[in-house]
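This briefing sets out points to consider when inspecting the structure below.

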Amino acid sequence: MSAKANHSPHSISEKAFFESSGSALKNSKLRRNFKRAMNGLMEKRRDIFPDASELEETRDRAASIRHKTLTHLPELLEKLETNCESNGIRVHWAETTEQANQIVLDIARSANVRLAVKGKSMVSEEMHLNAFLEKHGIEAIESDLGEYIIQVVNELPSHIIMPAIHKNLDEISDLFQEKVDPNRSSKSAEEMTATARLIMRQKFHDADMGISGVNFAVAETGTLCLVENEGNGRFSTTLPKVHVAVMGIEKVVESLQDLPPLLKMLTRSATGQPITTYFNMISGPRGEGELDGPEEVHLVLLDHGRSKIYEDELLRETLLCIRCGACMNHCPVYTRIGGHAYNAVYPGPIGKILTPQIEGIENLGYLANASSLCGACVEVCPVKIPITDILLRLRRNHVRKKTARHWTDLNGGKSLMELMTWKGWKQVLSQPSLYRIQASLLSRFGNLLPAQIPVLREWARSRNLPRFSKKPLHKLVEDAGIDHE
Amino acid sequence: MKPSCSFPEKPEAVYYFGTCLADLLYADAGMAGIRLLQREGVRVIYPRGQSCCGQPAFNSGFQDEAREVAAQQIVQFPKNLPIVIPSGSCGAMMTRHYEELFEGHPLQEKAQSFSARIFELSEFLVNVLNVKLEDHGDPVKVTWHSSCHAKREYGLGDEAEQLLRQLKNVELVELERKNECCGFGGTFSVKFSEISGVMAQDKSADVMQTGADLLLSTDCGCLMNINGALEKQKSQVQSQHFASFIWNRTHVG
Amino acid sequence: MNESTSSRSRILERLYGIHSQSRFADHPEITETQSPSWTTEEKISCLKSKMEAVQSEIHCCSEQEFDTVFRNVVDEKSIGSLLFAKNTQLGSRIHSLKQSIPEKMPELVNYDISIETMKKRIFSIDASITETLGGIADTGSLILWPSRHEPRLMSLIPPIHLAVLQAEKIYNTFSEAIVEGRWAENGMPTNALLISSPSKTADIEQTLVYGVHGPKQLVVFVIQ
């Protein structure tokens, strides 16, 4: 089951998550695809970081650069704007995705744009930009091969680096035959890539506008940096007469010198490559006397909840992210349910901390619960985001929101029950006499509890119930005469 | 792994925090841990009023409830003695999260002292007591699951496996993906039981693949979870806390 | 535009406001501890092995040998038409070569008018040849510094990209290139690039395929 491109921001719900993850778990082909892909990516990352202490050093360096950005964020954004503008890059600011979409549309209209080609951009997915442009009569074609594949079948990306990772060769071959080139049937990745190359070449040739994201924006020189392997990003940002770059406000860095460690950590963490084919540094539209390059370059700075995240010292670290995808590659939950089950723009661990904060913790706070807190993500994050600590904080915030509204909440019954459960738990566990009574009862009758009651029922679906010891430890301790003080 | 400077000299006595899981479900393992310490000439003190570190509520976002239970534990361990605990996960809760939990609270200082004195059992046996083991058991093939909370949250090294390697009749077989989460995650196993169940199944499949007779770990939560999946699949593989395993094989009489 | 301005004020106001109220822990900046310091030979060797690992073709030769090596590559790849930039040192050398041995050289197309006019021609050309600003050994990359004499699309559109790299301009690391090249002080061109291989993708079941949208082949002449 793949998520169809869904453009309603409030279509995600806890119930939907259980449904989508449930059906993903039963989809053996999907699980095989993800397992193979994630194993491959984990191995590639392991291989490119042979020296553990060098890895830690580079992580520390990358983290310190990103912390520097956060500490000086407003000044850096102003500096970026000043230097971009003096380079001829027009800078626009948007608090919401609606505003951002309108800005892009206005630019497109001024330039009589009918066809836009897009490089991969997660921010543009946050904006649901393609759908918005289509609604206003502008065709927006994805040029990255993975994005192109899913656009053809109207699906959302399932991974932030490899959007079509949930599909295997046969599925892509079928889709190519059905929707791309009915005259050819090919099971060869080379042949399908060649077909895509031909199709996209015409689009690049014809497009009036190119849209891209930004991996890093350098304040010092007013430079937009883009990382890619295919060349579609360069085409999109160089050939059409207008280039619009959309960027989350946290992506600014102070200086050119900040780039090498970040680039190193990004490409290695993402796909195990020492560097991508292209590292594209754009510092302006077509200059005086130049023969190519866009006539207009625009940078759209998007907030979309980031300045709110910025408020809290711990939650702010969510904004350190450089979008490498390593966290989801190593996440045991993501590997098994795939990216679509999250029904969100950003899946995996980063998605669990980012989505509730930008889309609203009230409705999406449950995403922060869908983790065993194993910490695999924390271990591999190139900029050391304390993902598990942030998840714990979001759980706390979510509980506060839920329980404050439990009388009126749609999930009120469930929240109330959970609150009561923990209050009961607290009563028993904080009073030794009550605890002992409970322990006695469980050791005597616990193994007789039916597997159908709540909690045990959930456990027992895939596991046998654990067995209570005949005598609790504290009784054994007493019997053995162990000192108590 | 902690730097060697953070381990104390061998003390005359230690406190023992049983953990609620060991207390109710793995009592023998809890007792085995105590015996292993006593055998090294250390007096073990088991405060009677202890119950739980508070992690289940804390991980679910119910911080106030977790704090009340945690406060009750702190006051049970007043003397400046090491507190040994047969669980990396509970150890992580008490070392990493009590500071935040008790910030600005009257018990803040006591909580800080408490956290600083926590040691996981295998870590204590190896680094403080320098335990030497003699194997009296029959030959057996075992495999080790590394609890992700113990390894990543607590920062536990491979001390338990070091202990196992001292046992001459024990063949330790490497578990594939041994650092991958087994799916327990406390309340995660119940709230997201389908995902958790699949993780437990995958882990138990890896365990069965090793050909080992026995699965060992530092954490009862993981053991309970993987064992449940092994039993459901009618596997012959048994599981045990490493303390029980070591105690049973190394004590005579 | 007005909305953008008011969004700007609100966003910055919020961010600056938070600055004065929230805690920002001290995160001392960590600078690079050690960086390799290789000889030219070592740098060439490192760059060559890194680039060859991702299907770039590397030819090491002397200044004198270049003409022959270059023509061999042209013959081998049946390059019939070659996009070049006449107003560069390399361009004028290629141009002279064409003049001296016209029948042994491909048709030369000078990129001297705007892309809008050149589009069709460039999309049908066999190959291009460009200079480079330098190279980076530890990542195996070329530094391209497009200008009005040598436009950006030269290294993107044609299916074969030939690049000339002076060995003494190979830096150890990207950092070194930025610092020694004084990129920040001198100002960045409208477009600068690091190029490390022919274009590639692994989007179809993680199978690595070369030749996607950018060039299918990258040939580097390292001149010592």
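How many helices and strands does the secondary structure of chain C come to? In this predicted model, chain C has seven helices and 12 strands.

**Chain C**
- The radius of gyration of chain C is 22 Å, whereas a compact globule of 224 residues would have one near 17 Å.
- Along the principal axes, the C-alpha atoms of chain C fill a box of roughly 75 × 45 × 45 Å.
- Of the 224 residues in chain C, 43% are buried.
- Among the contacts in chain C with a separation of 6 or more, 76% are between residues 24 or more positions apart.

**Pairs of chains**
- Two pairs of chains touch, and the pair with the most contacts is that of chains A and C.
- Chains B and C share no contact, and their closest C-alpha atoms are 16 Å apart.

**Nonpolar core**
- The largest nonpolar core comprises 281 residues.
- The residues with the most contacts inside this core are A:Val246, A:Met247, A:Leu262, A:Val300 and A:Leu301.
- Beyond its neighbours within four places in sequence, A:Val246 has contacts that include A:Ala100, A:Val123, A:Met127, A:Ile211, A:Val300 and A:Leu302.
- A:Ser121, A:Ser124 and A:Gly213 are also among the contacts of A:Val246.

**Confidence in chain A**
- Chain A has a mean pLDDT of 91, with 95% of its residues at 70 or more.
- Residues 5–11 of chain A have pLDDT under 50, and the model gives them 11 contacts beyond four places in sequence.

Definitions and conventions: Residues are numbered from 1 along each chain as its sequence is written. Chains are lettered from A and ligands numbered from 1 in the order in which they are written. This is a predicted model: local features need pLDDT of at least 70, side-chain atom pairs count only at pLDDT 80 or more; totals for chains, interfaces and linings use all residues. pLDDT is the predictor's confidence in each residue, from 0 to 100. Two residues are in contact if their C-beta atoms, placed from the backbone, lie within 7 Å. A nonpolar core is a set of buried Ala, Val, Leu, Ile, Met, Phe, Trp, Tyr and Cys residues joined through C-beta atoms within 7 Å. A residue is buried if 20 or more other C-beta atoms lie within 10 Å of its own, exposed if 12 or fewer, and partly exposed in between; C-beta atoms are placed from the backbone. Helices (H or I, at least four residues) and strands (E, at least two) are DSSP runs, numbered from the N terminus. The radius of gyration is taken over C-alpha atoms; the globule rule is 2.2 Å times the number of residues to the power 0.38.
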